[in-house]
Amino acid sequence: MIEPLSPEQRAEILARNAGATEADLDALETLLHERWGLATAPPEFWGDVEFADARRRAALAELDEQIQVRRDARFPELEAALEAVLLRYEDDPEPPE
Amino acid sequence: MATRIRTQRRSLDPNGPPPVFVITSDRSQCIVEVATDPMLFDGSLAARRTAANHFSNAGSPVAVAAGRATFYTLDVGAFTAIYRNRTTPGLYYRAIAFDVAAGPREETTPLFIPTAVARRPPMPAARGLSGSLLWLKAEGNRVLDENGDPVVLRGVVRSGLEYTAPNTPDPTGVVRSRSRTAAGMTAAEAAEITNHWDANVVRVPINQEWTLTRANYLADLDATIAMYAANGAYTMLALARLDDRRAFGIDATTGLPTQNPPLPEENTLALWRQLAERYRRQPAVLYDIFNEPHLPLPSDTDFLFQRPAGGETDPPWVSRWHEWVRRIEQVIHHQNQLALLFVSGVAWGLDLRNFPVLQPNGAPLPNTVYSSHIFLPNGRLGAVTPANLDGVFGAATALPESHPVFAGAWGGPAAQLADLDALESYLRGRHRYRNGSWRGGVGWTASSWADEPLLVERGTTSAVRGGRTVSWRTFTMAGAHNQPTEVGELVVGSLRTMPIAAVVDFDRARPRGSRNRYRVTVSTPRRGDILLVRGHDFTRGTRIEITTGGVTRRVDPSARLPALLMVSSLPTTVPLGAATLTVVRPDGLTSEPVAVTVVAGAAPDSIDLLPGAAKAAPFTIAFIANPRVTRVGGAIVADPIQAARGRFNSAVARGLQALFAVRESLLHPYADEIRVVARFTPPAAGMAPLCEHQPGGLTYPNQANITAYLAAAVLPADVCYAVFREPAFNRATADFTVDGPAAFLDHGFSFDAVHGQHSRVTTQPGVVAMHAPPMTSMTPIHEFGHAMSSSGNGACGDLYVDDVNVGFVMNRKRRPTVVSPFPAVFARYGGTDYPTDRPRGAYVGRGGIGYAHWHNYGAELIDRRRPNLMDNFNLAANRRLCLLDELTRRFLRDRIEAKLRR
């Protein structure tokens, strides 16, 4: 469902977000996975059809808010870190075997 | 007093004098009879008695002392003649007592005296012979290795060990003390067969008596197995001769005695018991239990039993062979349950119409492959047509659909080249998937390296030694290698063409020596666009060369698959106009040049990278350039990938490479049945975004919008990669396949207590939002694992998080507490228990990552040295070596095969 973070990405994220810890990053990862897991859950997970969509939207909205709060508080430079790591290698790809 | 006869000792000394018989009787005279088989005591079989199988002192009966025991022993010469020819581990005897020659006689019941078996130390388990070869097993109609990958065994028959006596000249004329070396079976030859001819199996006929009685012969077998295994080839030990003395009639074809026995004998059980025990730990050894069962020839005087009514393929004869197969299988598997057996058909190995062999309870024999021998021309086979070949391979009884089939020997003279070419094509069509189902073939061994019909040229030479003319057979060399015969040229071409290739590029119209061609086809070379080169056996390091006006430019592929080279963007430095293109392998093999015209201009919107199966709805993987994206905050804009076609092409190349050309072989067996298409079109007005960025650096695929996009483009896909570009949000994500409705369900499965069915169709494809370029080389296949699964029919989740499972997740389970023990069995799927990936000893679990304080755990890894591909593969020293676990690979393959079957 979600591509795993590499050690280099984690190091870059923590370097660019002062005060954030490994535990903070793990907690954010857990939220991201929980959010995507619910987004891709089978329809029957949400119970009876009549209210399934509403339940789903409510659950996702709550997680979206938690993610945003945590990201803003601890990892305002998270996306910049990911970009920096990608740009370091994108023009020097691994050759095919 | 009734007549009684017994032996003074309880067993025969194999190196000692004849036995002493003790006779008591109230008659005055006694005839003593000794035979290799009790049936010879029957007067009706008197015509079959010879000095080699029967003795009687009827010409001078023993005078029996009244009331006392009388001792009698055979003449040494008479005893030796019978003992050497015995077919059982002992001899039979009886007495016929009488008073007057014409008077009533009293006959004793035949008795048996066994040969003494010395208490011997356990057979030395030959160590280290198998190199890195994996165990093979028959599963359904395939042979799989330990990783669950289907294996195709192709190679040659290397005869010689079954008839070459020690202390005879080798092919160079040097007298060798061992059978193996006298036969010329050297390490150099083994390397040529396995590396130059690319064989991964060598069928080695063996001699039963030599195996049972000569320690040096066993050492020869060990050395042979080790030689081939060192080069990555299995050794198929094939019982071809019972000894070096007996003939079994005159071969009508050659007019010479044949040493091919019609059936096994009791010592055959001892043979296989010994070899199965000796090679119990050797995956390199395969067991071809008996070469060519056949009705005994009319001229076969060794065969003692009454010939059954009917012909070769009639039940009375077939049942006899089946009974031997059952007995031999029991003997071998009692010693080694992992042994893979090869069972020949009847009618000199040809005919598999009356198979499989069943156990008394009706179950099929375990771990057994059925093997046909096809020598052309063949009157029983008739014309070499698919229908006739289907017949001998048992297609009428669906044998290839339920059991693996093999061609243990095939060949013929050069005059049969066209038919042999057709036979090779037929066999090639068997060892592959078609519409998601394996066609039952697991390979072949062509006949023969050293004997007629030859695959390499041989001659004969002689020299005078010690006043005698000594002759020996030589091998004809062409440089450093053996000179192939015309048929050998076909075989080596086939071996060098990967099993999954549809055809061998063998051109009979060309002169001998140039018939194997290496040709490729090329898409239109367009500057700045994708270039595709199709062929076969593109090994690591294969490159492309484009020559214009005498100047050659090297172009390295962006993706190298075994049958496809992809350049993501043809350099603009390649001159326009006429050119020739060749493919050059690191071993120097160069394709025939292809005339091309390099053009410029707009690239097409869509390109089929892999064509897939030739049918209306092949299994399809699509890579599409995302037209529009939803940014964080909700704004919908054109995706930057639309202005970066080169990056799109590169991302597609990476996707291809990850799916079809890394160590994880999930899709490899189906590469010729899967369509892969790349589509790059500008966004139409109002086109819905296929991806959306999310806080945390992720990008999600919008499955509903992607499904609608594909429908509008008339591009049905089973998995779709929406390729986008936004470095700050480059983390790929995937959503699961939504399977088709109930009407399209394939075979059912059981996963623990869950019963489900894999579906042939897809309602909504599994989708991946993938950045151009992906962050890692393995991102595309990791996400494919998710996208190929189904949230309703078994989701494949991430293993690097300790999340609670939502719905039916097939590759991840949860312990009640972090200190709860790991169960031994992770899950039972399809009747097979798959172990848990548990910390044990120095192993901490998760390929070295460990479980820390986790609830979640996964199934046992194929490779415990590195993380699961669905775990954090970034923690591996070389992420391209990461593999799925066997359960996930099996489960996903079942889903893929169900869709391939539509």
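Guide: What follows is a conversation about the terms applied to this predicted model and the values behind them.

Visitor: What does chain B come to in helices and strands, and how far does its trace span?

Guide: The secondary structure of chain B comes to 15 helices and 53 strands, and along its principal axes the C-alpha trace spans about 120 × 70 × 50 Å. Of the 902 residues in chain B, 57% are buried.

Visitor: Why does B:Thr194 count as buried?

Guide: Its relative accessible area is 5%, and buried means under 20%, so B:Thr194 is buried. This residue has its place in helix H3 of chain B, which runs over residues 187–196.

Visitor: Why is the pair of B:Tyr433 and B:Trp438 called edge-to-face?

Guide: A search of the whole structure finds 26 aromatic pairs. In the pair of B:Tyr433 and B:Trp438 the ring centres are 5.0 Å apart and the planes stand at 80°; rings pair when their centres lie within 6.5 Å, and planes over 60 degrees apart count as edge-to-face, so the name applies to this pair.

Visitor: Are these two residues, B:Tyr433 and B:Trp438, buried or exposed?

Guide: B:Tyr433 has 1% relative accessibility and B:Trp438 has 11%; the limit for buried is under 20%, so B:Tyr433 counts as buried and B:Trp438 counts as buried.

Visitor: Which residues form one aromatic cluster?

Guide: One aromatic cluster is formed by B:Phe749, B:Phe751, B:Phe808, B:Tyr829 and B:Phe891.

Visitor: How do you know that the charged end of B:Arg815 sits over the ring of B:Phe822?

Guide: The charged end of B:Arg815 is 4.0 Å from the centre of the B:Phe822 ring, where the rule asks for a distance within 6 Å, together with a position within 35 degrees of the ring normal. B:Lys813, in turn, lies over the face of B:Phe826, at 5.1 Å from the ring centre.

Visitor: How many cavities of 30 Å³ or more are there, and what lines the largest cavity?

Guide: The count comes to five cavities of 30 Å³ or more, and the largest holds about 90 Å³ of space. It is lined by 14 residues, with B:Leu799, B:Arg846, B:Tyr851, B:Gly858 and B:Asp871 the closest to its centre. By class, this lining has seven nonpolar, three polar and four charged residues.

Visitor: Which element gives the largest share of the lining of the second largest cavity?

Guide: That cavity has a volume of about 60 Å³, and the largest share of its lining, three residues, comes from H12(B). At least two residues each come from strand S36 (606–611), helix H12 (645–660) and strand S40 (674–679) of chain B.

Visitor: What classes of residue make up the lining of the second largest pocket?

Guide: The second largest pocket holds about 1,500 Å³ of space. Its lining divides into 18 nonpolar, 14 polar and nine charged residues, and of the 41 lining residues B:Asp251, B:Asn260, B:Glu292, B:Trp348 and B:Phe375 lie nearest the centre.

How values were computed: Residues numbered from 1 in each chain as written. Chains lettered and ligands numbered in written order. Predicted model: local features only at pLDDT ≥ 70, side-chain atom pairs only at ≥ 80, totals over all residues. Heavy atoms only, no water. Phe/Tyr/Trp six-rings, centres within 6.5 Å; stacked < 30°, edge-to-face > 60°. Buried < 20%, exposed > 50% of the residue type's maximum accessible area, 1.4 Å probe, protein only. 1 Å grid on protein atoms, 1.4 Å probe; cavity = no way out; pocket = protein on both sides within 12 Å on 5 of 7 lines; lining within 4 Å. Points joined across faces, edges and corners; volume = space filled by probe spheres on them. Nonpolar A, V, L, I, M, F, W, Y, C, P; charged D, E, K, R; others polar. Helix = DSSP H or I, 4+ residues; strand = E, 2+ residues; numbered from the N terminus.
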